[in-house]
Amino acid sequence: MFTRSEKRHTMHIGLIGLGKMGFNMRARIRAAGIDVTGYDRNPDVTDVSSLKELVKVLPTPRTIWVMVPAGEVTDGVITELCSLMDTGDLIIDGGNSRFTEDQKHGAQLAEKGIHFVDCGVSGGVWGLANGYGLMAGGEQEHVEAALPIFDALRPEGERAESFVHVGDIGAGHYAKMVHNGIEYGLMQSYAEGYELLMAKDIIKDVPGTFAAWQKGTVVRSWLLDLMVKALEEDPDLAKIAGYVEDSGEGRWTIEEAISNGVPAPAITAALFARFASRQEDSPAMKMVSALRNQFGGHAVKPSGHSDKPAPPAGS
């Protein structure tokens with residue numbers, strides 16, 4: 001294993017994509033003594049003006065880390081790099097690509113003798129200070145060649161606690177996909193607990209309750225710490241709308257659960273809760289309300305969300 005001092009001035013890599021995560025990753029890798037030339041379309045943060053220039057300034061065999069949005073953007077970057085790089089070079093995709101795309105890219109690059117590793121990265125905007133959790137997929141020799149970079153990015157301490165070579169190409173992003181699915185379920189559980197505490201009039205200190213769970217309890221976690229921080233900054237969450245997007249990885253996790261016959265009710269429910277958050281007036285829940293009114297005469301709220309329910313049917 002490389003130590004941080006041993007890695008100083010032993011590598012020079014490229015990094016494409018200097019957004020919220022890529023910008024901080026460049027800084028963390030540089031702090032470990034590895035030279036990094038970054039490229040981004042934003043002229044205020046880029047080190048070079050084009051991908052062609054990036055490839056030109058790197059020593060051979062080249063290593064380039066790609067940190068751009070998954071899908072068409074990643075596909076376009078890798079296709080362009082394939083035309084610019086040479087046999088023996090290495091591309092690492094650290095974005096949130098789907099594992100099937102990794103396999104396609106790996107095969108595409110292999111035709112030219114360019115190596116490929118996919119790497120799931122967790123840590124978000126806190127990664128610069130705290131380090132990143134890393135999950136890599138690819139051939140052993142290619143993963144080992146990139147270990148100085150992984151060691152620079154991960155937290156201090158035992159490598160096995162923050163880095164894993166999961167398996168073949170695609171395995172790293174598959175593991176990150178499942179990681180994000182678990183994250184959906186954890187966040188939803190905390191959020192539902194928050195709402196339940198808020199709804200009960202005998203509870204006088206909701207933020208303090210979560211704060212008291214940070215040490216000694218079985219639900220303590222970094223997510224809980226972040227929840228406490230959010231409540232300290234905005235105790236009633238008055239500044240935040242209850243609208244939640246999804247990155248796509250939760251959907252992929254559920255698709256894989258269905259494909260492999262693995263029950264995943266908590267993750268599935270968490271994703272559907274996000275869908276529900278985007279509906280100001282859910283058509284499905286309107287129909288549930290209408291049906292309850294039809295068969296049982298249960299009160300319904302008229303359109304416009306008045307607090308006064310309509311009278312039972314037939315009255």
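A charge is taken to sit over a ring if NZ of Lys or CZ of Arg is within 6 Å of the ring centre and within 35 degrees of the ring normal. By this criterion, the charged end of R274 sits over the ring of Y184, at 3.7 Å from its centre. The structure is a predicted model, in which local features need pLDDT of at least 70 and side-chain atom pairs count only at pLDDT 80 or more, whereas totals for chains, interfaces and linings use all residues. Residues are numbered from 1 along each chain as its sequence is written, and side-chain values use heavy atoms, with hydrogens and water left out.

The protein chain contains 13 helices and seven strands, where helices (H or I, at least four residues) and strands (E, at least two) are DSSP runs numbered from the N terminus. Its C-alpha trace spans about 80 × 40 × 40 Å along the principal axes. Of the 315 residues, 38% count as buried, where buried means under 20% relative accessible area, exposed over 50% and partly exposed in between (1.4 Å probe, protein chains only). Among contacts (heavy atoms within 4.5 Å) between residues at least 6 apart in sequence, 64% join residues at least 24 apart.

The axes of helix 8 and helix 12 (residues 265-277) come within 8 Å and cross at roughly 70°, which makes helix 8 roughly perpendicular to helix 12. Here axes are lines fitted to C-alpha atoms, for helices over the stretch in contact, and angles run from 0 to 180 degrees between N-to-C directions; angles under 35 degrees count as roughly parallel, over 145 as roughly antiparallel, 65 to 115 as roughly perpendicular and the rest as oblique. Helix 3 and helix 4, by contrast, pack at an angle of about 10° with their axes 10 Å apart, so that helix 3 is roughly parallel to helix 4. This contact is made by T74, D75, I78, T79 and C82 of helix 3 and by E101, K104, H105, Q108 and L109 of helix 4.

Seven aromatic pairs are found in a search of the whole structure; rings of Phe, Tyr and Trp (its six-membered ring) pair if their centres lie within 6.5 Å, and planes under 30 degrees apart count as stacked, over 60 as edge-to-face and the rest as tilted. The rings of W65 and F150 have centres 6.0 Å apart and planes at 70°, so this pair is edge-to-face. The pair links distant parts of the chain, since W65 lies in strand 3 (residues 63-66) and F150 in helix 7 (residues 147-153), 85 residues apart. W65 is buried, with a relative accessible area of 0%, and F150 is likewise buried, at 0%. Together with F163, W65 and F150 form one aromatic cluster. A further edge-to-face pair is formed by F99 and Y174, because their ring centres are 4.9 Å apart and their planes stand at 75°. This pair, too, links distant parts of the chain, with F99 in helix 4 (residues 99-110) and Y174 in helix 8 (residues 171-199), 75 residues apart. F99 is buried, with a relative accessible area of 13%, whereas Y174 is partly exposed, at 27%.

D89 is found in the loop between helix 3 (72-84) and strand 4 (90-93) and is buried, with a relative accessible area of 1%. Leaving aside neighbours within four places in sequence, D89 is in contact with P61, R62, I114 and H115. A polar atom of the D89 side chain lies 2.8 Å from the backbone nitrogen of D86. P61, one of the contacts of D89, lies in the loop between helix 2 (51-57) and strand 3 and is joined to T60 by a cis peptide bond with omega of about -10°.

Most residues other than glycine have a negative phi, and most peptide bonds are trans. L237, although not a glycine, has a positive phi of about 50°; this residue is found in the loop between helix 10 (222-233) and helix 11 (249-259) and is partly exposed, with a relative accessible area of 27%.

Methods. A polar contact is a pair of N or O atoms within 3.5 Å; within protein, one must be able to donate a hydrogen and the other to accept it, and residues adjacent in sequence count only if both atoms are side-chain atoms.
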